[in-house]
Amino acid sequence: MEEEGQSSAPLLEEKQPQTAGCPGCAVDRRKAANPGIPYGSFIYVWIVTLCTALPISSLFPFLYFMIRDLNVAKRTEDIGFYAGFVGASFMFGRCLTSTAWGIAADRIGRKPVVMFGIFSVVVFNTLFGLSVNYWMAIATRFLLGALNGLLGPIKAYAIEVCRPEHESLALSLVSTAWGIGLIIGPALGGYLALPAENFPNIFSPDSFFGRFPYFLPCLCTSVFAVVVLISCIWMPETLHKHKVSENENQSIEALEAHLIDPKEKVEESGSLGTKKKSLFKNRPLMSSIIIYCIFSFHDMAYTEVFSLWAESDKKYGGLSLSSEDVGQVLAVTGASLLVYQLFLYPRINKVIGPINSSRIAAILCIPILFAYPYMTYLSEPGLSIVLNIASVIKNNLSVTIITGTFILQNNAVPQDQRGAANGLSMTGMSFFKAVAPAGAGIVFSWAQKRQHGFFFPGDQMVFFLLNVIELLGLILTFKPFLAVPEQYNRN
């Protein structure tokens, strides 16, 4: 009898022939010879995921002030409206290209796609910090998203560098680094934005950083990306690159056919006959992707709303915090994520599995979100204590859910489909995350104009709608909506 969280091997995993000169076979030999945790490879997983996550939300603490300074919003209440479209542009760009990057990772390898994505972070994240008008900000964020194909390939890479018993830790590292990046990024943005105002003894208003007040946090992220880019020169490739004969039809054309051909095909893989489905007809994969998209929509909307709400005036139902205050809260949350994901989540997953842990986390999120709008009535130091505790619990629960969906997705496909499957997942997720900031910004702006509404006045309406999305995601984790990969049905 196997527990839900104890999978003996990824679903449909195929034994690849040990071919000389194949980087994937070299990795397989290392895994066979060394049953322990591959710490060196996991470091690459960690830093690459962190690199792609940092620029995604680093702008949120200062976006409110950036839109104000770009003079595009005519009224204070309209700032959230314009901020939402800047936040959405990154995910819209990524939505258009994620599947293509996944297929590219299955064709040419994980490493080239990862390195190009990191290079795009260096260039376009830097240019965003130098934005002089609203449309430049949107354009640079769009290109940053469109050319950043990191997350899908690195999830496939995380599975491929370790043995099956370390799989939950590998994907936990991805979601940990991702979650910490989404927290540390805003923390950097909050601390380092507007340096001439926050650190007048170091930066004068007439200095370069005084004229470009939002460049410093972007520069720090880009410098980190340069370091990661250089280190990835020594990152091992994991994709199998055999010389394929006609009888060993493992070509990329077959892989692309899995993605676009609605008919199931039977192909010969090496000397073994392997039946493979179109990704769109793989119910365990598609149902887990749908759940992933719903919770990703919720998390992105929450991230956008949290900073806007915390920095808005108390007369509008906010907390009147500075960007530095918000950065401090997010830094504490990021530290808690590191501890939770490295030491607690693997044990939780082992005991109750990814599905039940996701369900419990979603249930616990609902009352926490319900309490947020009432924090406006608190004063210091109680406000800081309560806000930090709520942020820590909420973000750890969110990462629990996302990690569970990662595990389900990567167990639903064999290795030569993981890049495309994760690319498909990124496409769906990016679309939802593109809609989320724009929708959240519009709803937030509307809610601030109805402070005396009858039904959930002001920001209460924003958090009520976040709970509705959370409830929808929770419902989708149950049958018949969720089709569970085969090994999780063994009880």
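Student: Which residues is Thr-49 in contact with, leaving aside its neighbours within four places in sequence?

Tutor: In this predicted model, and with those close neighbours in sequence left aside, Thr-49 is in contact with Leu-151, Ile-154, Val-174, Ala-177 and Trp-178.

Student: And is Thr-49 buried or exposed?

Tutor: Thr-49 has a relative accessible area of 0%, and because anything under 20% counts as buried, Thr-49 is buried.

Student: Which helix does Thr-49 lie in?

Tutor: Thr-49 lies in helix H2, which covers residues 39–57.

Student: OK, so how do H2 and H7 pack?

Tutor: Two packed helices are described by the angle between their axes and the distance between the axes. For H2 and helix H7, which is made of residues 151–160, the angle is about 160° and the axes are 10 Å apart. That makes H2 roughly antiparallel to H7, since angles over 145 degrees are put in that class. H2 passes H7 in a left-handed crossing.

Student: Which residues make that contact of H2 and H7?

Tutor: From H2 the contact is made by Ser-41, Phe-42, Val-45, Val-48 and Thr-49, and from H7 by Leu-151, Ile-154, Tyr-157 and Ala-158. Sorted by class, the residues of this contact of H2 with H7 are 7 nonpolar and 2 polar, with no charged residue.

Student: New pair then: at what angle do H13 and H17 pack?

Tutor: Helix H13 (residues 283–311) and helix H17 (residues 459–476) pack at an angle of about 160°, and their axes are 9 Å apart. As a result of that angle, H13 is roughly antiparallel to H17. The crossing in which H13 passes H17 is left-handed.

Student: What classes of residue are in the contact of H13 with H17?

Tutor: The residues that H13 brings to the contact include Ile-290, Phe-295, His-298 and Trp-309, and those from H17 include Asp-459, Phe-463, Glu-470 and Leu-476. By class, the contact of H13 with H17 has 16 nonpolar, 2 polar and 2 charged residues.

Student: What follows H3?

Tutor: H3 is followed by Asn-71, whose phi is positive, near 60°, although Asn-71 is not a glycine. Most residues other than glycine have a negative phi, and most peptide bonds are trans. Asn-71 is found in the loop between H3 and H4, and at 66% relative accessibility Asn-71 counts as exposed.

Student: What about Leu-194, what is its phi?

Tutor: Leu-194 is not a glycine either, and its phi is positive, about 50°. Its place is in the loop between helix H8 (167–192) and helix H9 (195–198), and at 7% relative accessibility Leu-194 counts as buried.

Student: Last topic, rings: how many aromatic pairs does the count come to?

Tutor: The count comes to 27 aromatic pairs. In one of them, the rings of Phe-81 and Tyr-82 have their centres 5.2 Å apart and their planes at 90°, so the pair is edge-to-face. Phe-81 is partly exposed, with a relative accessible area of 32%, and Tyr-82 is partly exposed as well, with 23%.

Student: And what kind of pair do Phe-92 and Phe-142 form?

Tutor: Phe-92 and Phe-142 form a tilted pair, at 5.9 Å centre to centre and with 40° between the planes. Phe-92 lies in helix H4 (residues 79–108) and Phe-142 in helix H6 (residues 134–146), so the pair ties together parts that are 50 residues apart in sequence.

Student: Which residues do ring pairs link into a cluster?

Tutor: Ring pairs link Phe-81, Tyr-82, Phe-85, Tyr-134 and Trp-135 into a cluster.

Conventions: Residues are numbered from 1 along each chain as its sequence is written. This is a predicted model: local features need pLDDT of at least 70, side-chain atom pairs count only at pLDDT 80 or more; totals for chains, interfaces and linings use all residues. Side-chain values use heavy atoms; hydrogens and water are left out. Axes are lines fitted to C-alpha atoms, for helices over the stretch in contact, and angles run from 0 to 180 degrees between N-to-C directions. Helices (H or I, at least four residues) and strands (E, at least two) are DSSP runs, numbered from the N terminus. Angles under 35 degrees count as roughly parallel, over 145 as roughly antiparallel, 65 to 115 as roughly perpendicular and the rest as oblique. A crossing is left-handed if the near helix is turned anticlockwise from the far one by less than a right angle, and right-handed if clockwise. Contact means heavy atoms within 4.5 Å. Ala, Val, Leu, Ile, Met, Phe, Trp, Tyr, Cys and Pro count as nonpolar, Asp, Glu, Lys and Arg as charged, and the others, Gly among them, as polar. Buried means under 20% relative accessible area, exposed over 50%, partly exposed in between (1.4 Å probe, protein chains only). Rings of Phe, Tyr and Trp (its six-membered ring) pair if their centres lie within 6.5 Å; planes under 30 degrees apart count as stacked, over 60 as edge-to-face and the rest as tilted.
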